[in-house]
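Please brief me on this structure.

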Amino acid sequence: QVNLVESGGGSVQAGGSLTLSCEASGLPISKHCLGWFRQAPGKEREGVATISWPGSRTYLHESVKGRFTISQDEAPSSMKMMYLRMNHLKPEDTAKYYCAAALGRLCSGGPQANEFSWWGQGTQATVSS
């Protein structure tokens with residue numbers, strides 16, 4: 001049973017920074033893909049960033065390249081932390097951010113929500129202009 005718990009959301013002004021954390025437990029010590037998705041009111045959930053284990057190959061959505069960074073604990077463990085460092089935040093980054101996990105495979109290309117079986121409850125990030 002995989003459990004994902006997000007933290008670190010909050011309210012900031014445009015240009016500010018936030019770091020989101022995802023505590024993942026129950027992960028198998030085999031290849032998997034962890035990701036961050038976000039959903040704004042009235043919009044579909046979109047994949048923001050993903051990172052594979054092992055290897056830490058990353059993907060960033062075009063809209064966040066140069067501003068966001070995804071990282072994770074690399075040591076083999078059933079429990080790990082994953083992070084999303086968000087710099088130069090814009091009002092359009094306002095959304096609820098979700099941590100997600102897909103087991104048995106590495107990440108590939110732009111992530112689709114239906115590829116991920118495990119989800120956290122989300123953490124809200126609000127950016128004011």
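The points below are grouped by topic.

This is a predicted model: local features need pLDDT of at least 70, side-chain atom pairs count only at pLDDT 80 or more, and totals for chains, interfaces and linings use all residues. Residues are numbered from 1 along each chain as its sequence is written, and side-chain values use heavy atoms, without hydrogens or water.

**Nonpolar cores**
- A nonpolar core is a set of buried Ala, Val, Leu, Ile, Met, Phe, Trp, Tyr and Cys residues joined through side-chain atoms within 4.5 Å.
- Buried means under 20% relative accessible area, exposed over 50%, and partly exposed in between (1.4 Å probe, protein chains only).
- The largest core has 28 residues; Trp-36, Phe-68, Ile-70, Met-82, Leu-84, Met-86 and Tyr-97 touch the most other members.
- Strands supplying at least two residues each to this core include strand 3 (18-25), strand 4 (32-39) and strand 9 (95-103); strands (E, at least two residues) are DSSP runs, numbered from the N terminus.
- Another core, of six residues, lies apart from it, with Phe-37 and Cys-107 among them.

**Aromatic pairs**
- The structure has four aromatic pairs, counted when ring centres of Phe, Tyr and Trp (its six-membered ring) lie within 6.5 Å.
- Tyr-98 and Trp-119 pair edge-to-face, at 6.5 Å centre to centre and 75 degrees between the planes; edge-to-face means over 60 degrees, stacked under 30, and tilted the rest.
- Tyr-98 is in strand 9 and Trp-119 in strand 10 (residues 118-119), 21 residues apart.
- Ring pairs join Phe-37, Tyr-98, Phe-116 and Trp-119 in a cluster.
- Arg-45 lies over the face of Tyr-98, 3.8 Å from the ring centre.
- The charged end of Arg-45 also sits over the ring of Trp-119, 4.8 Å from its centre; the rule asks for NZ of Lys or CZ of Arg within 6 Å of the ring centre and within 35 degrees of the ring normal.

**Salt bridges**
- There are five salt bridges in the whole structure, each a side-chain nitrogen of Lys or Arg within 4 Å of a carboxyl oxygen of Asp or Glu.
- Arg-38 bridges to Glu-46, with the closest N and O atoms 2.6 Å apart.
- Asp-93 bridges to Arg-67 at 2.7 Å, and both residues are buried.
- Salt bridges link Arg-38, Glu-46, Arg-67 and Asp-93 in a network.

**Ser-52**
- Ser-52 is in strand 5 (residues 46-53) and is buried, at 2% relative accessible area.
- A polar atom of the Ser-52 side chain lies 2.8 Å from the backbone nitrogen of Cys-107.

Conventions:
Helix = DSSP H or I, 4+ residues; strand = E, 2+ residues; numbered from the N terminus. Polar contact = N/O pair within 3.5 Å; in protein donor to acceptor, adjacent residues only side chain to side chain.
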